[in-house]
Amino acid sequence: MHAKKLLRMREDVGMSATLVLHTGAMDAGGGASSSDARKVKKRSFDQMVFVNRTVTMEDIQCYGFDMDYTLAVYKSPDYESLGFEMIRDRMVSVGYPRELLSYTYDPSFPTRGLVIDTTSGNLLKVDSNGNILVCSHGFRFLKGRDVHDYYPNKFIQRDDTDRFHVLNTLFNLSETYFYSCLVDFFTRCNRYTNLPKGFQHGDLFMSYRSMFQDVRDTMDFIHDTGILKERTIKNMEKYITRDPNLPVLLSRIKAVAKVFLATNSDYSYTEAIMNYLLENKPTLGGEKKSWRSFFDLIVVDTKKPLFFAEGTVLRQVDTDTGKLRMGTYTGDLHAGTVYSGGSSDVICDLLDVRGKDILYVGDHIFGDILKSKKRQGWRTFLVVPELTKELQVWDQKKSLFEELKRLDVYLAKLYKHLDSGSQECPDIRTIQTRMKVLTYRMDMSYGQMGSLLRSGARQTLFASQLLRYADLYSSACINLLHYPFNYLFMAPPVLMPHESAAQHAADLALSELACTNNMVMGRN
């Protein structure tokens, strides 16, 4: 009989990952073998895949990949610096002050998941409910009364998308930083008068909203005209990480499941990047393997997140010229064929897979993960390159977080025995001040805007979206290589607050019982 294998895994940030393999082999006569194997393999933090919801990899029939920042890993901060310089130079060429050319990209300032308030020009880090964790105006960080003047409740209405714009992608880092440069420059320049919603210079009024729109339009121009892509292709060694294990990963996946590529990039750029990443020089006597052979289906110009809704017309790409063939493609799937546009429904039809059969891997929390999860029910794997640094800092500074937790427990004890008849009011000002100091020290360990995922003990908007929509997440998709494809990713059980309270009471009772038994046994 075939060996029955059970692979179970539980991982969290505070514990090393352990893979346990149990093999119950049966001999030819049906008896149980006495040679049960047990192997333990430890992975380093930067090789781990983390689990929000249990995923049985044996059930996955199809793997989908985004390209930019997923298969193609752009080198940071070089690539963000390139994007920043192109935005800056373009903005100056269309009329913005030449003094802006003195600004250079500082990778320690921006992070993903920030919110731009286009009315006041502020850059915000918020939690899932819109409560403000960090606020800056240009490069000046606002505290206390200054924040209250803008936001009396230290809270924003996140669904006011006309005013508040969330910057979720790694491509957003360049424009996030340049917008802060604009606010910083005009705030400090004595030629301009600072007003609540922008700046005045003679008869010219420049609002924070119009400045933001100019930056957005400039970013779109850089992408739409292809000038960023041209610079990238000319110097791929500088801007793109070439991992020799990527062809290995895709080959192993294709041996057990279907594989597709769905990217917003056009065919010519996709061809150049994927050729660089996947096509190696042929070995002696061997043949050169085309990058397209690693995929069962390739779709470019997907226009995600529209791709996960009604989509666009599916057209076939002429791989010799890069041009689109006329008409909507309605035929069957052919090996080596490249398509443009389409929708996630078309992907399912062509590959004959559905919903939870698919594990989709991408870096965009909204365009890749949220939409594929909510609209299609696909299993999701979020690539979070920042996780490498997040784990390093967490490991170095976890003592600060432990002190924060101890202070939380101490505060709880102060109020534990008080009720509506209590007159006393504990003085907690010293504790609150200490907690603010610890939070600030933790934040500064990650960068000027703090961690991507938390501020002290509070999780950010990005963290809440990651927990809600990503079944799995890791610093790189290549980390799938460290797990077998029949793996069971087990999510740790999560207790609700009332369940945690009941569990704590039960644990306390057991502890007291054990202590009593020890005392009785000691007397005997």
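**Sheet, helices and rings**

Author: In this predicted model, 5 strands make up an open sheet whose order is β11-β10-β9-β8-β12, with antiparallel pairing.

Reader: Which residue in β11 does His137 stand opposite?

Author: Strand β10 (residues 132-137) runs antiparallel to β11, and 2 bridges join them. Within β11, the residue opposite His137 is Arg140.

Reader: In the hairpin of β14 and β15, which residue takes a positive phi?

Author: Strands β14 (residues 198-201) and β15 (residues 204-207) run antiparallel and are joined by 4 bridges, and His201 has Leu204 in β15 as its bridge partner. The hairpin has 2 residues between the strands, and the one with a positive phi, near 65°, is Gly202.

Reader: How far apart are the end C-alpha atoms of helix α4, and what span should its residues give?

Author: Helix α4 (residues 208-224) has 17 residues, and at 1.5 Å a residue the helix should span 24 Å. The expected span is taken as 1.5 Å times one less than the number of residues. The end C-alpha atoms agree with this expectation, since they are apart by 24 Å.

Reader: Which residues of α4 are buried, and how wide an arc do they cover around the axis?

Author: The buried residues of α4 are Tyr208, Met211, Phe212, Val215, Arg216, Thr218, Met219 and Ile222. They lie on the same side of α4, because the arc they cover around the axis is only 160°.

Reader: Is Thr176 buried or exposed, and at what relative accessibility?

Author: Thr176 lies in helix α3 (residues 172-188), and, leaving aside neighbours within four places in sequence, Thr176 is in contact with Pro110, Leu114, Leu123 and Leu167. Buried means under 20% relative accessible area. Thr176 therefore counts as buried, its relative accessibility being 1%.

Reader: What about Val92: is it buried or exposed, and at what relative accessibility?

Author: Val92 belongs to helix α1 (residues 78-93), and, not counting residues up to four places away in sequence, Val92 touches Pro97, Arg98, Leu100 and Leu101. Val92 counts as buried, with a relative accessibility of 11%.

Reader: How many residues apart in sequence are the parts that the pair of Tyr69 and Phe171 ties together?

Author: Among the 36 aromatic pairs of the structure, Tyr69 and Phe171 form one that is edge-to-face, at 5.1 Å centre to centre and with 75° between the planes. Tyr69 lies in the loop between β6 (62-65) and β7 (73-74) and Phe171 in the loop between β12 (164-167) and α3, so the parts tied together are apart in sequence by 102 residues.

Reader: Of these two residues, which is buried and which is partly exposed?

Author: Tyr69 has a relative accessibility of 4% and so counts as buried. The partly exposed residue, with a relative accessible area of 21%, is Phe171.

Reader: How are the rings of Phe186 and Tyr192 arranged?

Author: Phe186 and Tyr192 are both buried. Their ring centres are 4.8 Å apart and their planes stand at 85°, so the pair is edge-to-face.

Reader: Over which ring does the charged end of Arg43 sit?

Author: The charged end of Arg43 is 4.0 Å from the centre of the ring in question. That ring belongs to Tyr483.

Note on methods: Residues numbered from 1 in each chain as written. Predicted model: local features only at pLDDT ≥ 70, side-chain atom pairs only at ≥ 80, totals over all residues. Heavy atoms only, no water. Buried < 20%, exposed > 50% of the residue type's maximum accessible area, 1.4 Å probe, protein only. Contact = heavy atoms within 4.5 Å. Pairing = 2+ DSSP bridges. Arc of directions from axis to C-beta. Phe/Tyr/Trp six-rings, centres within 6.5 Å; stacked < 30°, edge-to-face > 60°. Lys NZ or Arg CZ within 6 Å of the ring centre and 35° of its normal.
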